[in-house]
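Here is a short briefing on helix packing, ligand surroundings and backbone geometry. Please read it alongside the sequence and the model.

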Amino acid sequence: MTRRTVRIAMNGVTGRMGYRQHLVRSILSLREQGGLDLGDGSTLWPEPILLGRREHALRAVAERHGIEHWSTDLDAVLADPSVDIYFDSQVTAAREDALKAAIAAGKHIYCEKPTATSLDGALDLARRATAAGIKHGVVQDKLFLPGLLKLKRLIDGGFFGRILSVRGEFGYWVFEGDWQSAQRPSWNYRAEDGGGIVADMFPHWEYLLHELFGRVRTVQALATTHIPQRWDEKGKPYDATADDAAYGVFELDGGAVAQINSSWAVRVNRDELVEFQVDGTHGSAVAGLRECRVQHRSATPKPVWNPDLPAGESFREQWQPVPDNADFGNGFKVQWELFLRHVALDEPWQWDLLAGARGVQLAELGLRSSAEGRRFEVPELAL
Ligand SMILES: NC(=O)c1ccc[n+]([C@@H]2O[C@H](COP(=O)([O-])OP(=O)(O)OC[C@H]3O[C@@H](n4cnc5c(N)ncnc54)[C@H](O)[C@@H]3O)[C@@H](O)[C@H]2O)c1
């Protein structure tokens, strides 16, 4: 077995996503398993170079995991010809400039969503990357969640008949930060720092709806800030200038209608933090992060509306679990593996910066729809 090293500059690995999902659960996990088996007698050995602003935080992560290389000098790392890939999971507002510099330096790009804070910025990145001839990818992790993979399997197997509608519920209570600390970073609640639930979640809804059910043709949304004041990491009060809840309706190619509520000001009365109910002429399903349950038309009860009687049956118990029938790896790691294979072997890849721009486009149109009280067509993007 020959071993090829791929050097990956990882920026933002002291953050929640960068550290846990990308560094520990993906890149370090690949190293623990001996590298990525490319299937041609060779393995790809990822070598991270940690990048960031805070030396002490980087050094601590590097020491904890025995990582040899780290730096606070983005330009110097990008100038190093031995670095193959630039990865970015910084705060959203810092991403665009760093990606532009990495593209100009000829690195392949892999990054978190949203790729930029405006559609113009996101398209500009996609155009620059294409012109530079580099390989580029954007995280679309929800596609690799076990619950949604099982939902995709149902769709591919024709379970639903004609799909009529999709109802999504996403969210949980994010503490304000005064009497209990907030479980999400404060920049998420400041529009000027790239925060907001529409910017955060509509990119996810775009690729999920698009890949599972059909391209989003129109969007109508109401975004709001339910909690106007929060307390930051230092316990200081600040004005929450970004939306913390969004109620969206999306018409899809193929005729289905999707309606998705996203909120950081909701208490969970569901089995999982995100759930999608899909209703089709032949059957329905409810899929979450891990689980998926179905009800076929042949097993559909016939409730009759009568407010004078208590509910005579337990509707939730009338659904059947979909078995895993497979081992689902960590979704972030699975997508990393596909990207690395795309870089190393030129295997097909569809989640590029143009796909990332579609997510930013939906977020931008969602916010405009809310501000203007209008429904918008979502034009197809081209480079
Ligand atoms: N794919 C997903 O499911 C998912 C989930 C959450 C967040 N995200 C995305 O990941 C990115 C990071 O989110 P997170 O929740 O890990 O955030 P975080 O605040 O925990 O981490 C942010 C990282 O960016 C760095 N950073 C660079 N410039 C900064 C600045 N000016 N201010 C503050 N931090 C700065 C921080 O040091 C840190 O390493 C965001 O773009 C977010 O949209 C994706």
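The axes of α5 (119-132) and helix α9 (residues 353-372) come within 8 Å and cross at roughly 175 degrees. The two helices are therefore roughly antiparallel. This is a predicted model: local features need pLDDT of at least 70, side-chain atom pairs count only at pLDDT 80 or more, and totals for chains, interfaces and linings use all residues. Residues are numbered from 1 along each chain as its sequence is written, and side-chain values use heavy atoms, with hydrogens and water left out.

**Terms for the helix pairs**
- Helices (H or I, at least four residues) and strands (E, at least two) are DSSP runs, numbered from the N terminus.
- Axes are lines fitted to C-alpha atoms, for helices over the stretch in contact; angles run from 0 to 180 degrees between N-to-C directions.
- Angles under 35 degrees count as roughly parallel, over 145 as roughly antiparallel, 65 to 115 as roughly perpendicular and the rest as oblique.

**α5 with α9**
- On the α5 side, the contact (heavy atoms within 4.5 Å) uses Leu119, Ala122, Leu123, Leu125, Ala126 and Ala129.
- α9 contributes Leu353, Leu354, Ala357, Val360, Gln361 and Glu364.
- The residues of this contact divide into 10 nonpolar, one polar and one charged.
- Ala, Val, Leu, Ile, Met, Phe, Trp, Tyr, Cys and Pro count as nonpolar, Asp, Glu, Lys and Arg as charged, and the others, Gly among them, as polar.

**α1 with α8**
- Helix α1 (residues 16-32) and helix α8 (residues 331-345) have axes that come within 9 Å and cross at roughly 60 degrees.
- That angle makes α1 oblique to α8.
- From α1, the contact takes in Met17, Gln21, His22, Arg25, Ser26, Ile27, Ser29 and Leu30.
- From α8 come Phe332, Lys333, Trp336, Glu337 and Leu340.
- Here the residues split into six nonpolar, four polar and three charged.

**α6 with α7**
- Helix α6 (residues 146-156) packs on helix α7 (residues 197-212) at about 25 degrees, with axes 11 Å apart.
- α6 is therefore roughly parallel to α7.
- Leu148, Leu151, Lys152 and Ile155 of α6 meet Leu208, Glu211 and Leu212 of α7.
- This contact has five nonpolar, no polar and two charged residues.

**Ligand surroundings**
- Around the ligand there are 22 residues (a heavy atom within 4 Å), and Thr14, Arg16, Thr92, Arg95 and Asp141 come nearest.
- A backbone N or O atom of Gly12 is 3.3 Å from a ligand oxygen atom.
- For a polar backbone atom of Gly15, the distance to a ligand oxygen atom is 3.0 Å.
- A backbone N or O atom of Val91 lies 3.1 Å from an oxygen atom of the ligand.

**Backbone geometry**
- Most residues other than glycine have a negative phi, and most peptide bonds are trans.
- Lys113 and Pro114 are joined by a cis peptide bond, with omega about -15 degrees.
- Pro114 sits in the loop between β6 (108-111) and α5.
- Asn325 has a positive phi, near 55 degrees.
- Asn325 lies in the loop between β17 (320-321) and α8.

Terms used: A polar contact is a pair of N or O atoms within 3.5 Å; within protein, one must be able to donate a hydrogen and the other to accept it, and residues adjacent in sequence count only if both atoms are side-chain atoms.
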